[in-house]
Amino acid sequence: MDSVDVVIRADWNEAVGSGHAMRCNAIAQEVEQLGGSVLFVVSSEESAENLASIGRSGFVLPADCLHLEADEGFALGDLCHEVHAKSILVDTYGITDGFFGGLRCSPGHDVPITWIDDLYTYELGECARPVWRDVDQVIDYSFGVSISDYEAVYADGKTKICIAPAYAPVRPQFCDDGNGDRDFIKRILVTSGSTNERSLLERAALACLKAFPDVQVDVVVGALASFDAPSDDRVVTHRGLTDLSSLMRDADLCISAAGTTLYELSAVGVPTIAVPVVENQIPNAKGFERLGLGLVVHDDRDLPQKLIAALKWYEADSQRRREYVSRMHDTVDCQGSLRIAKVLYG
């Protein structure tokens, strides 16, 4: 096998959504722009086939992607040694301490390890504070991230801490400005991610229709979601989309779940009302609000009424909307993938 500069360990299959692979692909593109080469390592042929759909080949090291232990870590390290890798990026919820232990005992034990920490793993579930891992660099780009928490956990100084939304690996198509400087509101985007928890889509669409008599509401229905669309020509339903960049650029406002979509909305610059629809989105929503990037509805009881109030608040002052957009651009500046690439191949 030919030499490779950066090995990326990620999956994309029925059990693991596309998010890890997509953000790693954005990072890989930047590594290649810097002159480096990249090899994706996956757990199954299914993941390899999905990667092929975006023009990436994946080397299969068979494993249970939901639980990667010492043997899988050793196998990855052995491969990295074989290809003379200069760096490893690990991006999976399936990791365990044993996995990193296996890496450190492998022939590739001296290859620097970078880990994207989402404060969640299949083994431990959602973690309120970082869990120490034997890695050389740790990345967490959450809006709600606490630098002091990471400094306390990695207090020995052996691990480089890359902590801030500035490291958000936003895909290139989201790096064109949207309509944040418009003086009117004609199109509102509504999205809740892959699911439609507690009928967010229906309630948000209803709020938009009641708030504005002359508005188009673009509702994005995720792969795992259903949507009971109102019988109103102002509502346009979009299904099966994997790229919302075009809709974002056309939107004057957005109502969104408080997951990874918030980083894309910030990069494009769409004034946003965030609604945390699952527990692990609550810290992200609080950070989004604390940084002054947009409005947040924390409690979804009486949601349509609260959304109407937030929509009207945005409508009242176009200068206010522009100020939010400016802070969004400053916080997520579309250089995150490059910053990570430089950590891997600087």
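Helix α1 (residues 19-33) lies across strands β1, β2, β4 (87-90) and β5 (113-116), and it runs at about 160 degrees to β2. Helices (H or I, at least four residues) and strands (E, at least two) are DSSP runs numbered from the N terminus, while angles, from 0 to 180 degrees, are taken between the N-to-C directions of lines fitted to C-alpha atoms, for helices over the stretch in contact. Helix α4 (residues 97-104) also packs on the sheet, where it touches β1, β4 and β5 (contact means heavy atoms within 4.5 Å), and its direction makes about 165 degrees with that of β5.

This is a predicted model, in which local features need pLDDT of at least 70 and side-chain atom pairs count only at pLDDT 80 or more, whereas totals for chains, interfaces and linings use all residues. Residues are numbered from 1 along each chain as its sequence is written, and side-chain values use heavy atoms, with hydrogens and water left out.

The sheet itself is open and is formed by seven strands in the order β3-β2-β1-β4-β5-β8-β9, with parallel pairing; two strands pair if DSSP finds at least two bridges between them. At the edges stand β3 (58-60) and β9 (160-163), each of which pairs on one side only. Neighbouring strands of this sheet are turned by 20 degrees against each other on average, direction ignored. Within the sheet, β1 (residues 6-9) and β2 (residues 38-42) pair in the parallel sense over four bridges, and Val 7 stands opposite Leu 39 in β2.
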